[in-house]
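Subject: Structure handover

Hello,

Here is the structure I promised you. Please open it and keep it on screen while you read my notes below.

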Amino acid sequence: MFVRVLGSGAGGGFPQWNCNCRNCKGFRSGKIKASSRTQSSITVSADGENWVLFNASPDIRAQLESFPPLQPGRAVRDTGICAIVIVDAQIDHTTGLLMLREHTQPWDIYCTESVQQDLTSGFPIFNILGHFRGVNWHEIKTDQSSFTIPQAEGLVFTAVPLKSEAPPYSPHRHNTVPGDNVGMRIEDTRTGKNLFYAPGLGVMEDHVKQYMEEADCVLVDGTVWTNDEMSHEGISDKLATEMGHLDQSSKGGIKDILSSLERPRKILIHINNTNPILDEESPQRAQLTEAGIEVSYDGMDIHL
Ligand code: MLT
Ligand code: MN
Ligand code: ZN
């Protein structure tokens, strides 16, 4: 299985357009060692030809330009993307769908019913796409049954309901139901290897931990180092937990959880611009390295 990290940043990317925090300012002035990041998305393929896009970020245009296998190669209008999976209805995971409106046929989009509801009501992107070539919605069940995507031969998917957060325009905001957020187990049937992908993870539940323990690679929520990080520089009074993200540094946080896993390769994704780990020379980043935890970057390739 080939996994390409298209966007390793959280909503807003890095640097964020209106942000003057230590990281964003430090990056712009060249004072910190860090790389820029587009917003949250990966793509996965078993054969290197047919790619499933996980989440469609507002930065998708640049992301497609950065990765030739997704570019047109076989016809005058073409794409390497064979289907799209959406793990939640947040802006950073869905807005790119609008940029894909020129597709020559309806998009095959896989998401849960509650995400489909948000994308046809509070943020009615599916309705808007209906005025172009439209959407073939395929429901992802929340009962952890596995499914396949016909165009993506050799991959088996299992959606794992988990606790994170629904977007502000959802009726489930602060009162989530199973299906507002899912992680995804992606298995390559030929190699038998599997990836567990969860860019939003607010609460560590036992069943989620089990998927992580059994994975060959976990690519999970790296949004913040501390729960109150957004308030440090007066950016926002929101805690990460209120936004559905578990921090890395607290007891029982993402670093502790990942450290307890023996089997998988451990990689963080969906990293917010305020997170000190973006500074490659920070003590926080050194702690991750010591714990054997990697930080994904735009353009990272993972082979499983
Ligand atoms: C999140 O992951 O919490 C959201 O994507 C934040 C946002 O972009 O508004
Ligand atoms: Mn997000
Ligand atoms: Zn910033």
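A search of the whole structure finds 0 disulfides. Keep in mind that this is a predicted model.

Now look at Cys19 itself. Cys19 sits in the loop between strand E1 (2–7) and helix H1 (22–28). Is Cys19 buried or exposed? Its relative accessibility is 9%, so it counts as buried; the cut-off for buried is under 20%. Cys24 is buried too, at 0%. Leaving out residues up to four places away in sequence, Cys19 touches Cys24, Arg28, Ile235 and Asn273. Cys19 and Thr274 are 255 residues apart in sequence, yet their C-alpha atoms are 9.2 Å apart in space.

**The manganese site**

The manganese ion (ligand 2) is coordinated by Asp92 (OD) and His270 (NE2). Here the distances are 2.0 to 2.2 Å. Asp92 lies in helix H3 (residues 91–94), while His270 lies in the loop between strand E12 (265–269) and helix H10 (283–290). The pair therefore ties together parts that are 178 residues apart in sequence. Asp92 is buried, with a relative accessible area of 8%. His270 is buried as well, at 5%.

**Helix H7**

Which residues of helix H7 (residues 206–213) are buried? They are Val208, Tyr211 and Met212. Seen down the axis of H7, these buried residues fall within an arc of 100°, so they line one face of the helix. What does that face pack against? Cys217 has a relative accessibility of 0%, so it counts as buried.

**Two loop residues**

Start with Thr112. Thr112 is in the loop between strand E5 (107–111) and helix H5 (113–118). Thr112 counts as buried, because its relative accessibility is 2%. The side chain of Thr112 reaches the backbone oxygen of Gly179 at 2.6 Å. Beyond four places in sequence, Thr112 touches Trp137, Ile140, Thr142, Gly179 and Val182.

Then find Ala34. Ala34 is in the loop between H1 and strand E2 (41–45). At 17% relative accessibility, Ala34 counts as buried. Apart from neighbours within four places in sequence, Ala34 is in contact with Phe14, Phe27, Leu278 and Glu280. Ala34 and Arg263 are 229 residues apart along the chain, and their C-alpha atoms are separated by 29 Å.

Best wishes

Definitions and conventions
Residues numbered from 1 in each chain as written. Chains lettered and ligands numbered in written order. Predicted model: local features only at pLDDT ≥ 70, side-chain atom pairs only at ≥ 80, totals over all residues. Heavy atoms only, no water. Buried < 20%, exposed > 50% of the residue type's maximum accessible area, 1.4 Å probe, protein only. Helix = DSSP H or I, 4+ residues; strand = E, 2+ residues; numbered from the N terminus. Polar contact = N/O pair within 3.5 Å; in protein donor to acceptor, adjacent residues only side chain to side chain. Contact = heavy atoms within 4.5 Å. Arc of directions from axis to C-beta. Disulfide = S-S within 2.5 Å. Donors = N, O, S within 2.8 Å, 3.2 Å for Na, K, Ca; no water.
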